[in-house]
Amino acid sequence: MKITSVRTAATRGHCMHLWVMIETDAGVTGLGECVHGGHQAIAIIQEFAPKLVGRDPFAIDAIFEEMRRSLVFEGGFAGALITALTGIEIALWDLKGKALKAPVYDLLGGKFRDDIRVYCDCEVEPGMNMDEIKRVVDEVLEAGFTALKIDLDIFAYGHHGSETAGFVKDRFNMTPDRWEHDRMVQLAEMVVAAAGPTVEVAADLHTRLDKHSAIRLARDLEHLKLMWLEEPIPPENIDTMREITQATSTPICAGENLYLRHGFRDLIEKHAVDIIMPDIPKCGGLSECRKIANMAEIYSMPFAPHNVSSPIGTMASAHVCATVPNFLVLEFHWFHRDYWSTITDGGEIIKDGKITVTDRPGIGLDLNFDVAKAHQYPGTTWFA
Ligand SMILES: [Mg+2]
């Protein structure tokens, strides 16, 4: 079997959802996805496409590593380069599974579990009162989720329009004042109270704090027994992250902006966090993330992947989650829900707060491309 074409299409979800379709001379097709690579990732995939034609699609790890090494002088350790290769890698896994009539999890070593627990990143906003929070949380719990996540920080990046809400006094410094610190603690307390004693709650800080502020906040949240506190500081300084992790019983989680095993090695070996959260359709793909999870496992560290993908990247992530013992929970964004149900042939893949991996071949998901095209990302081509 040989690859005959590599094409891309992009839709607008939480971010650009970049789909990669790989066709073969045997008529078997694979579909993959990558996120957060932007238009650069499209250009990189299109540059590789002619070089992949004629190749054996089963040599997935070798193709990935060959492409990556060819880009080392262009920064082939991180960023859009790795993300582009990730989209190709996931499409190759789907293709291989379909060709062998086996689900991807079986090709990755087999599953530890059938159901992949999903947490809902929900739309609790700063400034909400208890009634408003309860309404948001109840809707999430009624949908069957048993774990949820909120943003404690105010985005400095213009998301949700909250940078204009009047809560941030400085967009760039890292030090919340006493009022801002108390606001974050109170918001977390209200959400945990609304969620009740059996629902897990995680809270994200999007790298916004300085070291001392992070330790103070993590300690003041300890009574809430959060599932984790996410990225209190930027993940690049492993030693500082480790000091925060060691200073509190609140579990610290990071990794959504790291790439490859190399990017996670120090974080894991130094136990700089309690939980790692690679973004599978971004940071290296299914083979790589399974290895990252395995590396974390021997340091007694849970694996809780970040996820902002469409159903195809989410289901691909679920296959990895099925095959590692230390899987904790996978992310889903609540504000995706309308877009999701329309583009998946066969309906919702998340039911009662979980994804059930089936024995369908490949990633096991078909998208309705006619419906999806209505969500085409501006300035992109459609499977060209
Ligand atoms: Mg995050």
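Which residue in S3 is the bridge partner of isoleucine 22? The bridge partner is glycine 30. This report describes a predicted model, in which local features need pLDDT of at least 70, side-chain atom pairs count only at pLDDT 80 or more, and totals for chains, interfaces and linings use all residues. Residues are numbered from 1 along each chain as its sequence is written, and side-chain values use heavy atoms, with hydrogens and water left out.

**The sheet**

Helices (H or I, at least four residues) and strands (E, at least two) are DSSP runs, numbered from the N terminus. Two strands pair if DSSP finds at least two bridges between them. Three strands form an open sheet in the order S1-S2-S3, with antiparallel pairing. Strand S1 (3-12) and strand S3 (29-35) are the edge strands, each pairing on one side only. From one strand to the next the twist averages 20°; axes are lines fitted to C-alpha atoms, for helices over the stretch in contact, and angles run from 0 to 180 degrees between N-to-C directions.

Strand S2 (residues 16-24) is joined to S1 by nine bridges, and seven bridges join S2 to S3. Helix H1 (residues 38-52) packs on the sheet and touches S1, S2 and S3, its direction making about 10° with that of S2; contact means heavy atoms within 4.5 Å. Eight of the nine residues of S2 are buried, where buried means under 20% relative accessible area, exposed over 50%, and partly exposed in between (1.4 Å probe, protein chains only).

S1 and S2 form a hairpin with three residues between the strands. Arginine 12 has methionine 16 in S2 as its bridge partner, while valine 6 stands opposite isoleucine 22. The hairpin of S2 and S3 has four residues between the strands, and there glycine 27 takes a positive phi near 85°.

**Aromatic rings**

Rings of Phe, Tyr and Trp (its six-membered ring) pair if their centres lie within 6.5 Å; planes under 30 degrees apart count as stacked, over 60 as edge-to-face and the rest as tilted. The count by this rule is seven aromatic pairs, including the two edge-to-face pairs below.

| Pair | Centre to centre | Between the planes |
|---|---|---|
| Phenylalanine 332 and tryptophan 340 | 4.8 Å | 80° |
| Tryptophan 382 and phenylalanine 383 | 5.5 Å | 70° |

Phenylalanine 332 and tryptophan 340 are buried, and tryptophan 382 and phenylalanine 383 are both buried. Ring pairs also link Trp19, Phe369, Trp382 and Phe383 into a cluster.
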